[in-house]
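Hi,

Here is the structure I said I would pass on.

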Amino acid sequence: MQTLHLKVDPNKPNPRIIEIAATLIREGETVAFPTETVYGVGSNGLDEKAVQRVFAAKGRSMKNPLLMHVMSWDQASALVDNIADEVLWLVKKFWPGPLTLVAASNDSVPKLVTAGLPTVGLRMPDHRVALDLIKAAGVPVAATSANLSGRPSPTSAEHVKNDLNGRIAGIVNAGTTGWGIESTILDVTRKPFTILRPGAVSRERLEEVVPGLIKAASPKPRRGIKARTPHYRPNARIIPVKTGEPMLDLVQAEVSRGMRVGIVAVTKQQMPAYLDFAVLINGGSAEYGRRLFEIFRTADLRGIDCLFMELPEETGLGVAVADRIYEAARS
Ligand code: TXA
Ligand code: MG
């Protein structure tokens, strides 16, 4: 398949170019587009055949549901039942934005989108290009991060191209994404609402809107347990390191075994000159989140075997960043 490359201004996308992408969606094809978190790839969420193409392009298991991307709460609420009042407070505060709500789906949602689950994930991206595209398409867009299954999420159209060129009908390129880390997924089917995946909206910010109603993600089995579906898996072996934990002996041991080794640090430290890859994150968890997936991809391109990653402080956005590092370290 020939992939159409379309370039737009992120803040003022040319409506004629958006219309080309929207036409592809209406025709049942797959299109990658930017959001404020990472690039997504999606198709007409009401058309089973079109949805099927998203799974095929990514090589994604059909047991793993997609998210319905919408341009308004009205469009979202047509897909779900039994919405608690507090959900509307969250929508008012965080939409459009990186908070995905998992709610009871109704019959209008194809079973393939939800992988047969009784719930559907609703997401209204805070990105002009995504919103214009969904609006022009006139349908909710069933989408997922625009990476090949098991690869890091893409934060630029270049990443999307590397993974999906020739596998999807189009890529709308509007430069790099904002957060760099995916949306927070919140199950609102029952109270307390449960964070299924920490993301760009921190638990603390949710708590401010619905105090006492947010339950944190259950701590994941961190090591040794096989993940249900592997996520964020760079070629390099990822070794999470807590701040202050001695690491240089381990680094040296890997180097002397002939491994190509890198370090990502959040606290200023002496980077040994023999490293093949060294990154210092100066700007806290926001910068870590923005750069994380790019770092994974760069490490792969440089043939890094082993990447030591200092963990951010696990509060606010740091929870999501640490989650992705642990996720990459499993598998
Ligand atoms: O920021 C984001 O959320 C990006 C952009 C593109 O919107 N999307 C994204 O999609 O990260 P994806 O498919 O890579 O991750 C969505 C996660 C998957 O782990 C999926 O299993 C889970 O959400 N999910 C989807 N529907 C669900 C549901 N009904 N119940 C529980 N988990 C669900
Ligand atoms: Mg993904």
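Let me start with a polar pair: the side chains of R151 and D300 make a polar contact, at 3.0 Å. Bear in mind as you read on that this is a predicted model. R151 is in the loop between β7 and α7 (157–164). Besides D300, R151 touches D163, Y232 and R297, if you skip residues up to four places away in sequence.

Now for the ligand. Ligand 1 is surrounded by 23 residues, and the closest are T37, N64, H69, R123 and S183. Which side chains put a polar atom by an oxygen of the ligand? N64 does, with a polar side-chain atom 2.4 Å from a ligand 1 oxygen. R123 has a side-chain N or O atom 2.7 Å from an oxygen atom of ligand 1, and for R60 the corresponding distance is 3.1 Å. On its own, ligand 1 would expose 680 Å², and the protein buries 90% of that.

If you want to find the shell by element, look at β4 (67–69), β6 (119–123), β7 (141–145) and β10 (193–197), which are the ones giving two or more residues to it. The biggest contributor is β6, with four residues. Sorted by class, the shell has 10 nonpolar, nine polar and four charged residues.

The side chains of E36 and R123 make a polar contact at 2.8 Å. You will find E36 in the loop between β2 (31–33) and β3 (40–44). Why does E36 count as buried? Its relative accessible area is 6%, and buried means under 20%. Setting aside neighbours within four places in sequence, E36 is in contact with a list of residues that includes G97, P98, P125, D126, H127 and W179.

On to the nonpolar cores. The largest one has 66 residues, and the members touching the most others are L90, W95, L99, L122, L186 and L206. Helix α6 (residues 128–137) gives the most to this core, with six residues. To see what one of these members meets, take L206: leaving out neighbours within four places in sequence, its contacts are L90, F94, L99, T184, L186, I195, V201 and I214. A separate core of 27 residues lies apart from this one, with A200, I281, A320 and Y326 among them.

I171 lies in strand β8 (residues 170–173), and it is buried because its relative accessibility is 2%. Beyond its neighbours within four places in sequence, I171 is in contact with T3, L4, H5, L6, A32, A157, V160 and K161. Its C-alpha atom is 14 Å from that of I134, which is 37 residues away along the chain. S285, in helix α10 (residues 284–301), still counts as buried at 19% relative accessibility, since the cut-off is under 20%.

Last, some backbone details. Most peptide bonds are trans, and most residues other than glycine have a negative phi, so here are some exceptions to look at. The bond joining W95 and P96 is cis, with omega about -10 degrees, and P96 lies in the loop between α4 (85–94) and β5 (99–104). The peptide bond from K191 to P192 is also cis, with omega near -5 degrees; P192 is in the loop between β9 (184–187) and β10.

As for phi, N82 has a positive value near 50 degrees. N82 sits in the loop between α3 (73–77) and α4 and is exposed, at 71% relative accessible area. A115 has a positive phi too, of about 55 degrees. A115 is in the loop between α5 (111–114) and β6, and with 26% relative accessibility A115 counts as partly exposed.

Cheers

Key
Residues numbered from 1 in each chain as written. Chains lettered and ligands numbered in written order. Predicted model: local features only at pLDDT ≥ 70, side-chain atom pairs only at ≥ 80, totals over all residues. Heavy atoms only, no water. Near = heavy atom within 4 Å. Polar contact = N/O pair within 3.5 Å; in protein donor to acceptor, adjacent residues only side chain to side chain. Areas by Shrake-Rupley, 256 points an atom, 1.4 Å probe, with all protein chains shown as cover. Nonpolar A, V, L, I, M, F, W, Y, C, P; charged D, E, K, R; others polar. Core = buried A, V, L, I, M, F, W, Y, C linked by side-chain atoms within 4.5 Å. Buried < 20%, exposed > 50% of the residue type's maximum accessible area, 1.4 Å probe, protein only. Contact = heavy atoms within 4.5 Å.
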